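Please work through the following exercises with the sequence and the structure at hand. Each task is followed by a solution in steps.

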Amino acid sequence: MDTEPDMKQAPNSYRGLLSRAWKELGYPHERRPVLIGIDGRPGAGKSSLASWLAWQLGVPAIHLDLFLMPDRVPPEWRLDDLTRAVQ
């Protein structure tokens, strides 16, 4: 994504916030690494919020529950796969 998205219908306050986020992320010429962690109770909408943020900011979202092996006692993480996804 080389330019900011079309924001014709967004409120001015949102446009300013998105422009600031894009600037902090280094768009359009530089892509700085960023990590946004979202925590909360089950069913609170964490995955939905992460997907929406990824869409709005034009960045990938990594859902950690995809890398968890809950059938193990205690639960274990697929750290090699998670490391590759982050890189």
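This is a predicted model: local features need pLDDT of at least 70, side-chain atom pairs count only at pLDDT 80 or more; totals for chains, interfaces and linings use all residues.

**Exercise 1. The length of α1**

Task: Determine what span the 14 residues of α1 should have, and compare it with the distance between its end C-alpha atoms.

Solution. 
Step 1. Just after α1 comes Gly-26, with a positive phi of about 90°.

**Exercise 2. Helix α2**

Task: Describe the length of α2, and identify its buried residues and the exposed residues on the face turned away from them.

Solution. 
Step 1. Helix α2 comprises residues 46–57, 12 residues in number, and reaches 16 Å from its first C-alpha to its last, close to the expected 16 Å.
Step 2. Ala-50, Ala-54, Gln-56 and Leu-57 are buried in α2.
Step 3. These residues cover an arc of only 165° around the axis, and therefore lie on the same side of α2.
Step 4. Ser-48 and Trp-55 are exposed, on the face of α2 turned away from its buried side.
Step 5. Helix α1 (12–25) is included in what covers the buried residues of α2.
Step 6. Gly-58 follows α2 and has a positive phi, near 70°.

**Exercise 3. Gln-56**

Task: Explain why Gln-56 is classed as buried, and name the residues that Gln-56 touches.

Solution. 
Step 1. Gln-56 has its place in helix α2.
Step 2. Its relative accessible area is 13%, so Gln-56 is buried.
Step 3. Leaving aside residues up to four places away in sequence, Gln-56 touches Tyr-14, Leu-18 and Trp-22.

**Exercise 4. Salt bridges**

Task: How many salt bridges does the structure hold, and which residues do salt bridges with shared partners join into one network?

Solution. 
Step 1. Side chains of opposite charge can pair when their charged atoms come close.
Step 2. The structure holds three salt bridges.
Step 3. Glu-76 and Arg-72 form a salt bridge, at 3.3 Å from N to O. Glu-76 is partly exposed, at 36% relative accessibility, and Arg-72 is partly exposed at 38%.
Step 4. Asp-81 and Arg-78 form another, at 2.9 Å from N to O. Asp-81 is partly exposed at 28%, and Arg-78 is partly exposed at 32%.
Step 5. Asp-81 also meets Arg-84 in a salt bridge, at 2.3 Å from N to O. Both residues lie in helix α3 (residues 79–86), three residues apart, which is about one turn of the helix. Arg-84 is exposed, at 54% relative accessible area.
Step 6. Through shared partners, salt bridges join Arg-78, Asp-81 and Arg-84 into one network.

**Exercise 5. The largest pocket**

Task: Give the volume of the largest pocket, and determine which element gives the most to its lining.

Solution. 
Step 1. The volume of the largest pocket is about 910 Å³.
Step 2. Its lining consists of 28 residues, and Leu-35, Ile-36, Pro-60, Ala-61 and Ile-62 lie nearest its centre.
Step 3. The elements that give two or more residues to this lining are α2 and α3.
Step 4. With six residues, α2 gives the most.

**Exercise 6. Leu-66**

Task: Is Leu-66 buried or exposed, and how many residues along the chain separate Leu-66 from Leu-82?

Solution. 
Step 1. Leu-66 lies in the loop between α2 and β1 (68–69).
Step 2. Its relative accessibility is 56%, so Leu-66 counts as exposed.
Step 3. Leu-66 and Leu-82 are 16 residues apart along the chain, and their C-alpha atoms are separated by 8.9 Å.

Technical notes:
Residues are numbered from 1 along each chain as its sequence is written. Side-chain values use heavy atoms; hydrogens and water are left out. Helices (H or I, at least four residues) and strands (E, at least two) are DSSP runs, numbered from the N terminus. The expected span of a helix is 1.5 Å times one less than its number of residues. Buried means under 20% relative accessible area, exposed over 50%, partly exposed in between (1.4 Å probe, protein chains only). The arc is that of the directions from the helix axis to the C-beta atoms. Contact means heavy atoms within 4.5 Å. A salt bridge is a side-chain nitrogen of Lys or Arg within 4 Å of a carboxyl oxygen of Asp or Glu. On a 1 Å grid over the protein atoms alone, a cavity is a set of points where a 1.4 Å probe fits but cannot get out, and a pocket is an open set with protein on both sides within 12 Å along at least five of seven lines; lining residues have an atom within 4 Å of a point. Grid points are joined across faces, edges and corners, and a volume is the space filled by probe spheres set on the points.
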